[in-house]
Each structure stands twice: as C-alpha cells, then as structure tokens.
Amino acid sequence: MYMELKIKKNKQNVYIIELIGELDLYNSHKVKELFSKMIERGINHIIFDLSQTYYIDSTGIGVFIYCFDIAKKQTVKMCLCNVFGTVLKVIQLTKLNQFFTMASTLEDGIDLVRN
C-alpha cells in the first residue's frame, strides 16, 4: 500500500514520473490526479518509470488505460519504461503490452516520446 511519486523534467522537456512501491486500489488515484494536472498544464511528453514499482493490481492497470486513452485524445506522447517482474507479467497477461507504448530503458522511452 506504499507508493511514492517523484517527478523529473529533462532538458528536452520530457517529464518522468517515477512510481516507487505499489500501484493499487489505495493509491492509484494519486497517479490519475497527477497525470490530469500535467495534461491541464499542457505537458505533452510523459514517461512513467516503473523501475521501482513492484506490485500493480487491476486498479493500477485501469489508471494506465485511462492515461493512455487521454494521451491519445490530447496528442500527448507517453510511455511506460523499465517494466519488470510481476508488473510486466500482469501487463502481458492482460495483453495490454499491445495497447501501451513501452520501452525497456528510460533512454529508449525518451526517444519514443520525443520522435
């Protein structure tokens, strides 16, 4: 039930949201609120870095579906990067790896959203 969000901005105006801990029913609303505020501010290059996310449930998956749906409608480029372990297995089991834009590294993610 612990989750921390850290936001960084690189030189190319790509915003990187680090999710640390668990993304579940109890805290997924924080991600949705943060993403919505970023969209309202006109931010259009967003990466979710999941390198330190070790658990995700269906609510967390739902948040990413929401974010990708909004991103498409708003022409925001976004991706998930550093998806490993059980989080990757959940995404693959739900076949959402075909829906989400995903990168294996942060550098690859930056390239994806900048091009």
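The following is a dialogue about one predicted protein model.

Modeller: The model is predicted, so local features need pLDDT of at least 70 and side-chain atom pairs count only at pLDDT 80 or more, while totals for chains, interfaces and linings use all residues. Residues are numbered from 1 along each chain as its sequence is written, and side-chain values use heavy atoms, with hydrogens and water left out.

Biologist: In what order do the 5 strands of the open sheet stand?

Modeller: Strands (E, at least two residues) and helices (H or I, at least four) are DSSP runs, numbered from the N terminus. Two strands pair if DSSP finds at least two bridges between them. The pairing in this sheet is mixed, and the order is β1-β2-β3-β4-β5.

Biologist: Which are the edge strands?

Modeller: Strands of a sheet pair through backbone hydrogen bonds, either parallel or antiparallel. An edge strand here pairs on one side only. The two edge strands are β1 and β5.

Biologist: How many bridges join strand β3 to β4?

Modeller: Strand β3 covers residues 45-56 and runs parallel to β4. Within this pairing, I47 stands opposite C79. The number of bridges joining β3 to β4 is 5.

Biologist: Which residue is the bridge partner of C81 in β5?

Modeller: Strand β4, residues 77-81, runs parallel to β5, and 2 bridges join them. The partner of C81 in β5 is A103.

Biologist: How many residues of β4 are buried?

Modeller: Buried means under 20% relative accessible area, exposed means over 50%, and partly exposed lies in between (1.4 Å probe, protein chains only). C79 is buried because its relative accessible area is 0%. Strand β4 is mostly covered, and the count of buried residues among its 5 is 4.

Biologist: What is the count of disulfides?

Modeller: A disulfide is a covalent bond between the sulfur atoms of two cysteines. The rule asks for a pair of cysteine sulfur atoms within 2.5 Å. By this rule the count is 0.

Biologist: How far from C79 is the nearest cysteine sulfur?

Modeller: C67 is in no disulfide, and its nearest cysteine sulfur, that of C79, is 13 Å away. C79 is in no disulfide either, and its nearest cysteine sulfur belongs to C81, at a distance of 5.8 Å.

Biologist: Is L34 buried or exposed?

Modeller: L34 is found in helix α1, residues 28-40. Leaving out residues up to four places away in sequence, L34 touches L5, I7 and I17 (contact means heavy atoms within 4.5 Å). Because its relative accessible area is 17%, L34 is buried.

Biologist: Which residues does K6 touch, not counting residues up to four places away in sequence?

Modeller: K6 is placed in strand β1, residues 3-9. K6 is partly exposed, because its relative accessible area is 40%. Its contacts are I16, I17, E18 and I20.

Biologist: What is the N to O distance in the salt bridge of E18 and K8?

Modeller: A salt bridge is a side-chain nitrogen of Lys or Arg within 4 Å of a carboxyl oxygen of Asp or Glu. The whole structure holds 2 salt bridges. E18 lies in strand β2 (residues 15-23) and K8 in strand β1, so this pair ties together parts that are 10 residues apart in sequence. The N to O distance between E18 and K8 is 2.6 Å.

Biologist: Where do D69 and K73 lie?

Modeller: The side chains of D69 and K73 meet in a salt bridge, with 3.2 Å from N to O. D69 is partly exposed because its relative accessibility is 34%, whereas K73 is exposed because its value is 60%. The pair is 4 residues apart, about one turn of the helix, and both lie in helix α2.

Biologist: What value is phi of T75 near?

Modeller: Most residues other than glycine have a negative phi, and most peptide bonds are trans. T75 lies in the loop between α2 (58-73) and β4, and T75 is exposed because its relative accessible area is 65%. Its phi is positive although the residue is not glycine, with a value near 50°.

Biologist: Where does K95, with phi near 60°, lie?

Modeller: K95 also has a positive phi in a residue other than glycine. K95 is exposed because its relative accessible area is 54%. Its place is the loop between α3 (85-93) and β5.
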